[in-house]
Amino acid sequence: GAFVDVLTFGFLFFIVAYAFAVGGHLLFSQELDEFVTINSSARTMLRAVFGESLFQRLIDAAGLSGYFYLLSWLIVSKTILLNVVISILHDAYQGVLAHEIQHPSLTVYMKITQELARRKKEIEDFAEREDDEVQGKKSGKRRMMLRQDSQHDDTKRRLGWVPTEERDWAPSFPFGKDGASPDTKKPG
């Protein structure tokens with residue numbers, strides 16, 4: 001998995017960095033103190049990766065070869081580091097994608113359409129029960145009152161179809177005369 005990939009990257013980066021450190025030691029050990037030993041050369045190259053600027057000192061000491069050496073080290077090291085980051089992100093994305101294909105999760109759109117389908121079915125069931133109740137009353141059959149069905153009452157309440165006398169907030173007196181609004185005047 002990921003540990004093997006990081007280990008492979010570490011080994012590759014070590015080989016490339018060691019090659020540049022040896023090259024820097026061989027090329028610049030006479031001109032700059034930073035390249036006297038292979039270890040100090042490796043530390044100098046690592047500091048360059050993290051932003052310490054050696055360009056001016058290398059150009060002054062070694063000329064154009066120092067500039068191209070440091071530029072090539074920075075390009076190679078940054079390219080390797082970026083490739084590793086991209087590889088890790090790609091592997092993580094592939095893992096998430098494979099999991100999503102095997103176990104798809106519901107999107108917001110799918111959740112909304114499922115809720116709308118459930119509500120549509122509730123409304124259809126409610127209308128069917130209302131029709132059955134009306135048909136039952138017409139034919140003289142005894143049926144349970146719709147209010148006694150707790151599941152159906154819950155559906156009615158959620159849909160806002162509860163009769164006024166069953167609502168907790170319904171007033172116990174009419175507004176104005178004959179249930180009209182107090183500001184309504186009958187022509188007269």
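A residue counts as buried when its relative accessible area is under 20%, as exposed when that area is over 50%, and as partly exposed in between, with a 1.4 Å probe and protein chains only. Arginine 119, with a relative accessible area of 41%, is therefore partly exposed. The structure is a predicted model, in which local features need pLDDT of at least 70 and side-chain atom pairs count only at pLDDT 80 or more, while totals for chains, interfaces and linings use all residues. Residues are numbered from 1 along each chain as its sequence is written, and side-chain values use heavy atoms, with hydrogens and water left out.

**Overall architecture**

- The protein chain contains six helices and zero strands; helices (H or I, at least four residues) and strands (E, at least two) are DSSP runs, numbered from the N terminus.
- Read from the N terminus, the order of elements is α-α-α-α-α-α.
- The chain has 188 residues, of which 20% count as buried.
- Among contacts with a separation of 6 or more, 44% join residues 24 or more positions apart, where a contact means heavy atoms within 4.5 Å.
- The accessible surface of the protein chain is about 14400 Å², and carbon and sulfur atoms account for 62% of that surface; such areas come from the Shrake-Rupley method with a 1.4 Å probe, and for residues only the protein chains shown count as cover.

**Helix H1**

- Helix H1 covers residues 2-28 and includes glycine 23.
- Glycine 23 is partly exposed, at a relative accessible area of 21%.
- Although 46 residues separate glycine 23 from tyrosine 69 along the chain, their C-alpha atoms are 8.9 Å apart.
- Phenylalanine 14 is also placed in helix H1, and its relative accessibility of 51% makes it exposed.
- Phe11, Phe14, Ile15 and Tyr18 form a nonpolar surface patch with about 460 Å² of accessible area together.
- Patches are made of residues with over 30% relative accessible area and no salt bridge; like charges are joined within 9 Å, and nonpolar side chains (Val, Leu, Ile, Met, Phe, Trp, Tyr) within 5 Å.

**Helix H4**

- Helix H4 comprises 39 residues (residues 64-102), and its end C-alpha atoms lie 56 Å apart, which agrees with the 57 Å that it should span at 1.5 Å a residue.
- The expected span is 1.5 Å times one less than the number of residues in the helix.
- The buried residues of H4 include Tyr69, Leu70, Trp73 and Leu74.

**Salt bridges**

- Side chains of opposite charge can pair when their charged atoms come close.
- A salt bridge is a side-chain nitrogen of Lys or Arg within 4 Å of a carboxyl oxygen of Asp or Glu, and by this rule the count is seven.
- In helix H5 (residues 108-139), arginine 119 and glutamate 115 are four residues apart, so about one helical turn separates them; their side chains form a salt bridge at 2.8 Å, N to O.
- Glutamate 115 is partly exposed, at 27% relative accessible area.
- Arginine 118 and glutamate 122, likewise four residues apart in helix H5, are joined by a salt bridge at 3.0 Å, N to O.
- Arginine 118 is partly exposed at 36%, whereas glutamate 122 is buried at 17%.
- Glutamate 52 forms a salt bridge with arginine 57, with 3.8 Å between the closest N and O atoms.
- Glutamate 52 is partly exposed at 33%, and arginine 57 is partly exposed at 37%.
- Both residues belong to a network of salt bridges that links Glu34, Arg47, Glu52 and Arg57.
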